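User: Hello! I am new to this structure and would like to go through it with a few questions. Could you show it to me?

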Amino acid sequence: MCGIFGVVGVEQAAELTYLGLYALQHRGQESAGIVSVDADGHASVRRDMGLVSEIFPPKVLRQLPGSIAIGHTRYSTTGSSVLANAQPAVVNYHHGALTLAHNGNLTNAQALRDDLVRKGSIFQSSSDSEVLIHLIARSEAREPEDQILDALERVEGAYTLLLSIGTTVYAIVDPRGFRPLVLGKLGDGWVLASETCALDIVGATRVRELEPGEWLKIEDGKVVDLPPLKARPHRRCVFELIYFSRPDSTVFGQSVDRVRRELGRQLAREQPAPGADCVFSVPDSSNAMALGYAEESGIALEHGLIRNHYVGRTFINPGQNSRTAKVRIKFNPVRDVIAGKRVVVVDDSIVRGTTSRSLMQMIRQAGAREVHMRVASHPITGPCLYGIDTPRHDELIAATHSVEEIRQHLGVDSLGYLSLEGMLTAAGSTERFCHACFSGDYPTEVPQDQHKSRSATGEHVTALID
Ligand code: AMP
């Protein structure tokens, strides 16, 4: 998963991009990067593994001059977690420095890459995004825009892109529109971001979201709309609204908070828990869903679990590597709320079932009389091919177990999920979303072998990071 952010036509663009990436940190915590471009089209880059706050101290930001900047936060969904795969990618290309930040996953990247390698391309990373750069650079068209179009016509899957060539910046959303991108205004300049929460942090005002298939360029301070890409049925990722985006963002034209509340209300209608004493969320992504559940059911909303906000993905506790230990470090039960009560626990999703199992045990140990788990989405039965880091099919508990088997595995008194239709209706449409991970209805061709070995993806080199 990734977050992307760009600034055009504002002094100290890199500093604003740093703030924007900070607001998008939830979209990727593995690596981050900023490329700045000065008035002569010269690009400067800083990329590293780790969190945004660790990678860009003031001294580094001062070394990223210019009024154009593009930033990226990454959590790997293709290619491994190494510095070579950190983005934005920046290369010397015959029309100047070319910078690329990609959110999404190309489903035909492997086939394209094999072809390019046969023709002599040398890849520096194992990420699918590098394929795009090679396709642009090798295009026989003359003008950069035609070269970009050539490349886009060959790729399949999810790509929301920020691209700069010299001092022109392009923003592109694939025809199905899996991943969001919003355009904002800041003074005389422009801002582009995965989510509106990143516009808020820099004080930009929202102009509009890019539609599926839309691409535009910003040149000489002006936004120029380019002819839309070949139309396809829209397939916005419903999981952006359920789990991934921040609740204070507006995504796909909807308030994420409002959608989550409605998912919670729908859950209360479909999966009631009569006689329960209280309802609480697994913080933070399901807070609004628990609120909706409480509103609809009339069951009292409580804070039954407290989350430690200082635990990142990278937290390592030597000797305590079990899932239960990790859950204990991340969540604490509020005993006073739980002891002796019949509790409803609302979570946004169950993926592997491992975190949920440990959490439910913890809630029981805190003295709950009954535990009723409610999930504000449909069972996840397939991997995401479009940029969310859901695991492989055989690791998804709902792919191989019935709801009753999952209930037993979690050790809860009852378990209820949302229906597919209820979930989509609550999210605002049964038509315009991609719900492949819930339904198996993949809107693109599914690549033959989704789980390539490292050598098959061309990864023969391991870069060590100190
Ligand atoms: P588990 O019980 O191990 O399947 O974990 C369920 C938890 O994972 C839920 O609280 C979700 O909010 C969270 N979750 C859902 N999707 C993802 C994802 N792609 N990456 C990390 N956590 C996720």
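This is a predicted model: local features need pLDDT of at least 70, side-chain atom pairs count only at pLDDT 80 or more; totals for chains, interfaces and linings use all residues.

User: Which residues make a nonpolar surface patch with Tyr-22?

Analyst: Patches take residues with over 30% relative accessible area, and Tyr-22 has 47%. The patch has an area of about 260 Å².

User: Which helix holds Asp-150 of the negative surface patch?

Analyst: The patch is formed by Glu-140, Glu-143, Asp-146, Asp-150 and Glu-153. Asp-150 is partly exposed, with a relative accessible area of 32%, and patch members need over 30%. Its place is in residues 144–154, helix H6.

User: How many disulfides does the structure hold?

Analyst: A disulfide is a covalent bond between the sulfur atoms of two cysteines. The sulfur of Cys-384 has its closest cysteine sulfur in Cys-237, at 5.9 Å, and that of Cys-197 has its closest in Cys-2, at 15 Å. The cut-off is 2.5 Å, so both distances are too far for a bond. The number of disulfides in the structure is 0.

User: Are Cys-197 and Cys-384 buried or exposed?

Analyst: The relative accessible area is 2% for Cys-197 and 16% for Cys-384. Buried means under 20%, so Cys-197 and Cys-384 both count as buried.

User: How many residues apart are Arg-27 and Glu-195, which meet in a salt bridge?

Analyst: Side chains of opposite charge can pair when their charged atoms come close. Here the N to O distance is 2.8 Å, and both Arg-27 and Glu-195 are buried. Arg-27 lies in the loop between H1 and strand S2, while Glu-195 lies in the loop between strand S10 and helix H7. The pair links distant parts of the chain, with a separation of 168 residues.

User: Where in the chain is Asp-413, the salt-bridge partner of Arg-364?

Analyst: The closest N and O atoms of Arg-364 and Asp-413 are 2.8 Å apart. Arg-364 sits in helix H13, and Asp-413 is 49 residues away. Asp-413 is in the loop between helix H15 and strand S23.

User: How many salt bridges does a search of the whole structure find?

Analyst: Another of them joins Asp-248 and Arg-246, with closest N and O atoms 2.8 Å apart. The search of the whole structure gives a total of 29.

Definitions and conventions: Residues are numbered from 1 along each chain as its sequence is written. Side-chain values use heavy atoms; hydrogens and water are left out. Patches are made of residues with over 30% relative accessible area and no salt bridge: like charges are joined within 9 Å, nonpolar side chains (Val, Leu, Ile, Met, Phe, Trp, Tyr) within 5 Å. Accessible areas come from the Shrake-Rupley method with a 1.4 Å probe; for residues, only the protein chains shown count as cover. A salt bridge is a side-chain nitrogen of Lys or Arg within 4 Å of a carboxyl oxygen of Asp or Glu. Lys and Arg count as positive and Asp and Glu as negative; His and the chain ends are not counted. The place of a charge is taken as NZ of Lys, CZ of Arg, CG of Asp or CD of Glu. Helices (H or I, at least four residues) and strands (E, at least two) are DSSP runs, numbered from the N terminus. Buried means under 20% relative accessible area, exposed over 50%, partly exposed in between (1.4 Å probe, protein chains only).
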